[in-house]
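Please read the points below beside the sequence and the model.

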Amino acid sequence: MSVGQRSAAGAAATGKGTGLKKIVAASMVGTVVEWYEFFLYATAATLVFGKYFFPPTGNDLDGIIQAFLTYAVGFVARPLGGIVFGQIGDRLGRKPTLQLTIVIVGVSTFLMGCLPGFADLGYWAPAMLVALRFIQGFALGGEWGGAVLLVAEHSPKESRGFWSSWPQAAVPVGNLLATLVLFIMSTTLSSAAFLGWGWRVAFWLSAVIVFVGYYIRTHVTEAPIFLKAKAQVEKEQAISYGVGEVVRKYPKGILQAMGLRLAENIMYYLVVSFSIVYLKSVDKYDTSSLLLALLIAHVVHFIVIPQIGRLADTWGRKPVYLIGAISGATWPFFAFPMFDTKNPVVIVAAVTIGLCLHAFMYAGQPAIMTELFPTRMRYSGVSLGSQVTSIFAGSLAPLLATQWLKDTGSWMPTAIYLVIACAITAVVVLTLRETRGVALEDVDNADAVRHGLPMGARA
């Protein structure tokens, strides 16, 4: 028995002893930490950064637009992180890559909480903010692919949609924690104190939870199917892996992953970021009430995601995703009129419904993308396909929506924008092969046959 085979057997035995739930928990905790920090920036960009890091212009939307531009920098960095960490993850493993990304995100977020403002340093202040944001986004670009693959590659084929949806459910938990900390600070401090130093506390707290996430991730094991693929790549020099290989051999898979991500990514940031801008600037809704609405919506989002992941195992990947793409296109047409009622219950309902519709696309995403690529290049393919889209989807969505609101005073251009994105995603879903219940070994076997790999490369 080779070293790779012994490692795979040992990992399989360990997996049986510790259970899939331990793998899920380890993946989720790290993801909670990462997204706590990433969403913290998104919310602070809307509530604080526009006033603190940029010169006043007399129009609050100008500062918010400038803050969203720095926010977009993180999305530009994410594909670069996906390429670098995807290569590392396919070569060395999912576990060490995830340990590295969580430390980088934690350090950059803590330092954001230490930055002086525009009044102290002038344009050096936003420049340093942009640099730290780039580093944060770079690390997160490698986080998502590793977290979902760690679970998906350990999951039974019959329930991969359900189990791999749990790291997705960790995202609203991270967002929930960020919103909760900001909500407590904004309600217990005066407006001046919150803008002056209160927001910093939320960034500094990231240092504490990073230690927890890192520790838990030291106790996970690699999936046996990955260890087999890794051993085969090391044995057969003719077998390639990583970013270059996936671009050459699976360009269609990358484009499909990008198309799947488009509407989902745009819709998410319209619901959780632009909603705040609209409610504050148009309806003059107070900060604490906005954060409370998001708190409730994130709780519901967390509960709903695994249940829809289960539907992807029973109904199939394609029909569930299509429901999300089609229904997501309708959201702005009833959500913004609901916002204009200024009724707290109605506003909470509008945000919550938006996140529930989003979950129909989001929950099954890890399983679908995992099944698009063979193990030897899966981390690179998943990371590249998902993160490249974020440049022109999630990063631009709140920025464009805010600019359109400033120029037209209407939410209608944003609604049309989302409809177009959902239509593109729906078309991409129709091009997919239904992969519910497929074994990842079969995906690897098909890859070996298709590209004439040595017989030993087949699982």
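1. Gly409, with a positive phi near 70 degrees, follows helix α20. Helix α20 covers residues 396–408 and spans 18 Å from first to last C-alpha, close to the 18 Å expected at 1.5 Å a residue. Helices here are DSSP runs of H or I, at least four residues, and strands are runs of E, at least two, numbered from the N terminus. The expected span is 1.5 Å times one less than the number of residues.

2. This is a predicted model, in which local features need pLDDT of at least 70 and side-chain atom pairs pLDDT 80 or more, while totals for chains, interfaces and linings use all residues. Residues are numbered from 1 along each chain as its sequence is written, and side-chain values use heavy atoms, without hydrogens and water.

3. The protein chain has 22 helices and 0 strands. Of its 459 residues, 60% are buried (under 20% relative accessible area; exposed is over 50%, partly exposed in between; 1.4 Å probe, protein chains only). Buried residues of α20 include Pro398 and Leu405.

4. The structure holds 11 salt bridges (a side-chain nitrogen of Lys or Arg within 4 Å of a carboxyl oxygen of Asp or Glu). Arg261 and Glu264 form one at 2.7 Å, N to O; both lie in helix α13, 3 residues apart, and both are buried.

5. Glu245 and Arg248 also pair, at 2.9 Å, N to O. Glu245 is buried at 4% relative accessibility, whereas Arg248 is exposed at 56%.

6. Arg317 and Asp313 meet in a salt bridge of 2.9 Å, N to O. Shared partners link Glu245, Arg248, Lys249, Arg376 and Asp447 into one salt-bridge network.
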